Amino acid sequence: MTVVVSNRGPYRFTRTASGGFDAHHASGGVSSALRPLLTSGAAGADAAWIAAAHDDDDRAAMVAGEAQAPGIALTLLDHDPALHRLYYDVVSNGTLWFLHHGLFDLVRRPRFDHRFTEAWAAYETVNRSFAKAAAEVASEGDVVLVQDYQLALVPEMLRAERGDLRIVHFSHTPFCGPNSIRVLPDHAALALCGSMSGAIAGFHSARWARSFEASAREILGNDARCRTFVAPLGPDPDELAELAESPAALTAGQELDELVGDRQMIVRSDRVDPSKNIVRGFAAYDLLLAEHRELRERVVFVARLTSSRESLPEYMAYANEVEQAAARVNERWATNDWQPVVVDLRDDYPRTIAALARTDVLLVNPVKDGLNLVAKEGALVNQRDAVLCLSRDAGAWDELHETALPVHPYDLAQTAGALHDALMMPASERASRAARWRELSAARTPRDWLDNQLKAAHSS
Ligand code: F6P
């Protein structure tokens, strides 16, 4: 049997008026990659998935025995909401996410006070409950695939209970380097590196694997034995093709045609997250319009954004900054019949697919990103030989660098230059780059990624 252990499960459940429950696809790359694989039996006939209940409806569905997923033995762990907040908001997203993506303004943050001590204890408690649930579900010698930074302590805790299991930990984020890992309190850095080096640790990019190895040596000493592997995720081409042809995507495409007309189009698609560097993206576009008068009224930048982690003040503040940055560009350049930036916050995947299909330029400029699947999805659905402007600090850079225009995520003039080159590129070069982009983006599927994890587990 294969046991998946991840913060979010395959579905989130909502109560219906009749007292039953509806299952909706849970958000996030981990869930959407693993859900089809596990429900289709690609991980073997027997699969179990352990995840956290994220709200009261999830909890109620679990209690009612209705938190079910076809072909998967699903367990949703019911943590006290206050405990969950400390684990998810304070440690996972407020600390580890910021650390691994290099987002801390170190003069001011982090501050490891009593609240953090309490939150770290909650992180340990929640990780222990995942480990315990996996130990209960797994049979002798089973493979356990632990996903992401929210559950970095699970490998060590699980190994202590069940030495017979084959445990893989896969990070969907970057991993911070040896100087940054020292920012964590010593006990936390030790626990994190100790746990992950006891498992086989997978990453989307060789760069993150190297960072982890260097950090583990920094914290555990030069003899630290790390076993890492690199397995980038790829999009599911069939699912994307089906979605691109769906009535919802086709209608959204027509709306975009009306909005953009004969202008060129730049698209980005991101969660509203400081790591995605959305504000600098708008600032670079502003610079582009300032320096290239001929582009004014000739380009529309559509930002497909979805709100994220709104319980964190940093995320709420960033959402405000994003809104203001877009408004500034519009105030400065808009004319009676042209809005330079269109921010679209609707949580609507077919609409995102339509934007990726219709665009001439795709901007992916994160400060750092474990992979960035959008950079590959764009290639598979785009209809106009779009040019990819891609941050060198996205994991997907490793695979796509030969076809993308590089973006230096902090350099506004350089980013504006990349956007300009992309918009001005001759049709023949666009076509040849787009063909290669499609080829590279289709090279790996979710199935390949899962197989790499299973292979790594069996090599242990
Ligand atoms: O890819 C990193 C990740 O944290 C995933 O674990 C998660 O599915 C996604 O980003 C979205 O984040 P969240 O689950 O916090 O909404």
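**Contact between the two domains**

**View 1. Division of the predicted chain into domains.** The protein chain comprises domain 1 (2-233 + 447-458) and domain 2 (237-441), with bounds taken from an automatic or database domain assignment. Their C-alpha centres are 29 Å apart. This is a predicted model, in which local features need pLDDT of at least 70 and side-chain atom pairs count only at pLDDT 80 or more, while totals for chains, interfaces and linings use all residues. Residues are numbered from 1 along each chain as its sequence is written, and side-chain values use heavy atoms, with hydrogens and water left out.

**View 2. Area buried between the domains.** Domain 1 and domain 2 bury about 1700 Å² between them, 57% of it from carbon and sulfur atoms; buried area is the accessible area (1.4 Å probe) that two parts lose on being put together, summed over both. Of the area that domain 1 buries against domain 2, Trp 97, His 101 and Leu 233 supply 26%, more than any other three residues.

**View 3. Salt bridges across the contact.** Two salt bridges are counted between domain 1 and domain 2, each defined by a side-chain nitrogen of Lys or Arg within 4 Å of a carboxyl oxygen of Asp or Glu. Arg 207 forms a salt bridge with Asp 393, with 2.8 Å between the closest N and O atoms.

**View 4. Elements on the domain 1 side.** Helix 3 (81-100) and helix 8 (206-220) are the elements that give two or more residues to the side of domain 1 touching domain 2; helices are DSSP runs (H or I, at least four residues), numbered from the N terminus. Helix 3 gives the largest share, seven residues.
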